[in-house]
Amino acid sequence: MPELPAYPVGLRLAGRRVVVLGGGTVAQRRLPSLIAAGAVVELISPEVTATIEAMADTGEISWARRGYRPGDLADAWYALIATSDPEANEAASAEAERSRVWAVRSDDAAAATAWTPATGHSEGVTVAVLTGQDPRRSAAVRDAVIEGLRDGTLAAPPFRERASGSVALVGGGPGDPDLITVRGRRLLAAADVVVADRLGPRELLDELPPHVEVIDAAKIPYGRAMAQEAINEALVSHAKAGRAVVRLKGGDPYVFGRGMEEAQALAAEGIPVTVVPGISSSISVPAVAGIPVTHRGVAHEFTVVSGHVAPDDSRSLVDWAALARLRGTLVVLMGVERITAIAKALVDHGRDGDTPVAVIQEGTTAAERRLDATLATVGDAVAREGIRPPAVIVIGDVVSVGLGAGR
Ligand SMILES: C[S@@+](CC[C@H](N)C(=O)[O-])C[C@H]1O[C@@H](n2cnc3c(N)ncnc32)[C@H](O)[C@@H]1O
């Protein structure tokens, strides 16, 4: 028969019996989507992979520990035939044909009555691609479409979060434009107005189309009002003007980011807010510099602290004496200018002066610098080397464990 195109369709399998023959990697790859669709999956195979066994153990599928037998496809709505026994595949395929059960075959696509498309999902959209018998091409087309939907380069009808008159508080990650989340990037691509911080993935702003208004949060004129109030007012006024606003913040919006203040100000005005978490500099900057904040046998905890006020400042909410008693990793943000006082407080309260310290300036960007020192020497070293904010300070033995110590 000449090669005719397949008829694309979406099967609604919830509560319906699906039979999977074979317990190898083909079945393993297909099972999550069947389970996600709510199918009642019965897997028949004498042996299965460890991953499939775990699915059976947790009750996501049922597993009959045997080979295929005629009649196994009775009452099935759909079947995946993927055993390593060609004869069993052939017999099951013939039964499927007789019983009018749509069946996919892993060993012979031409003999199958159904094909599995290359699928991908992006926020409510399912992309399914069939290219005859060329699965690599299907996967490549699928990847291109999903990537385009995710980064906004592929125009798609408006989606929920794009609703005008709303604000998305987007954590942009530490600075490398590749370290924003997929959701954050997509919302950015759909924005009419972007209010951006000094920190974060500023390179992404260059990619925005010309009609997008980009507002530098550091430069909002705020007269007698506090800077944060002025930012809140800008967010409120643009949202009330019916625009899709993105508040692009460095790292995660809620890690020393005043994200909740902005969310509260918007909520008070009845403006819908979407919060998109970001990769905080507190763990990503050390990671990219080669330092794990925990390491087996070295640190069982890490504590992230703001160093924006000195330890002896009456406004400080940090218990430096308690921190000095911890054995684990201490990560200090906003602490470069006060590092001498911070290191002294820790040593005065009992932390060893030889404790390794790394200071990473402008981490994850092309300008990244790393300084290695100890608690006893870090104050002088930072001054001598001219280390400036933004920098993440990592204190603890994990600094010596990492890949890049002393570089
Ligand atoms: C106001 S806090 C915001 C933190 C942010 N919300 C986060 O989760 O990363 C700013 C501080 O984060 C740290 N920081 C942020 N990005 C950084 C980067 N790329 N390199 C080094 N430090 C960074 C610095 O300590 C900086 O002073």
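Me: So domain bounds come from an automatic or database domain assignment. Which domains is this protein divided into?

Reply: Domain 1 (17-116), domain 2 (160-279) and domain 3 (282-401). Before going on, note that this is a predicted model: local features need pLDDT of at least 70 and side-chain atom pairs count only at pLDDT 80 or more, while totals for chains, interfaces and linings use all residues. Residues are numbered from 1 along each chain as its sequence is written.

Me: What separates the centres of domain 1 and domain 2?

Reply: 48 Å, taken over C-alpha atoms.

Me: Switching to the ligand, which residues come nearest?

Reply: Gly-251, Val-255, Ser-280, Ser-281 and Gly-363, out of 24 residues around the ligand. A residue counts as near if its C-beta atom, placed from the backbone, lies within 6 Å of the molecule. Two elements, α9 (281-288) and β17 (391-395), each give two or more residues to that shell. Helices (H or I, at least four residues) and strands (E, at least two) are DSSP runs numbered from the N terminus.

Me: Which one gives the largest share of the shell?

Reply: That's α9, with three residues. As for domains, at least three shell residues come from each of domain 2 and domain 3.

Me: And what does the shell have by class?

Reply: 12 nonpolar, 10 polar and two charged residues. Here Ala, Val, Leu, Ile, Met, Phe, Trp, Tyr, Cys and Pro are nonpolar, Asp, Glu, Lys and Arg are charged, and the others, Gly among them, are polar.

Me: New topic, helix α3. How many residues has α3?

Reply: α3 (residues 86-99) has 14, and reaches 20 Å from its first C-alpha to its last. That is close to the 20 Å expected, which is worked out as 1.5 Å times one less than the number of residues.

Me: Which residues of α3 are buried?

Reply: Asn-89, Ala-92, Ser-93, Glu-95 and Ala-96. They sit on the same side of α3 because they cover an arc of only 160° around the axis, going by the directions from the helix axis to the C-beta atoms. Buried is 20 or more other C-beta atoms within 10 Å of a residue's own, exposed is 12 or fewer, and partly exposed is in between, with C-beta atoms placed from the backbone.

Me: What do the buried residues of α3 pack against?

Reply: β1 (17-21), β4 (78-81) and β5 (102-105). On the face turned away from the buried side, α3 carries the exposed residues Glu-87 and Arg-98.

Me: Is α5 largely enclosed or largely open?

Reply: Largely enclosed by the rest of the structure, because six of the eight residues of α5 (residues 182-189) are buried. Leu-187 is one of them.

Me: Where is Val-276 found?

Reply: In strand β12 (residues 273-276). Val-276 counts as buried because it has 25 C-beta neighbours inside 10 Å. Beyond neighbours within four places in sequence, its contacts include Ala-168, Arg-183 and Leu-187; a contact is two C-beta atoms, placed from the backbone, within 7 Å.

Me: Last one: which residues does a cis peptide bond join?

Reply: Pro-389 and Pro-390, with omega about 0°. Pro-390 has its place in the loop between α12 (378-385) and β17. Also look at Arg-258, which is not a glycine but has a positive phi of about 60°. Arg-258 lies in the loop between β11 and α8 (259-268).
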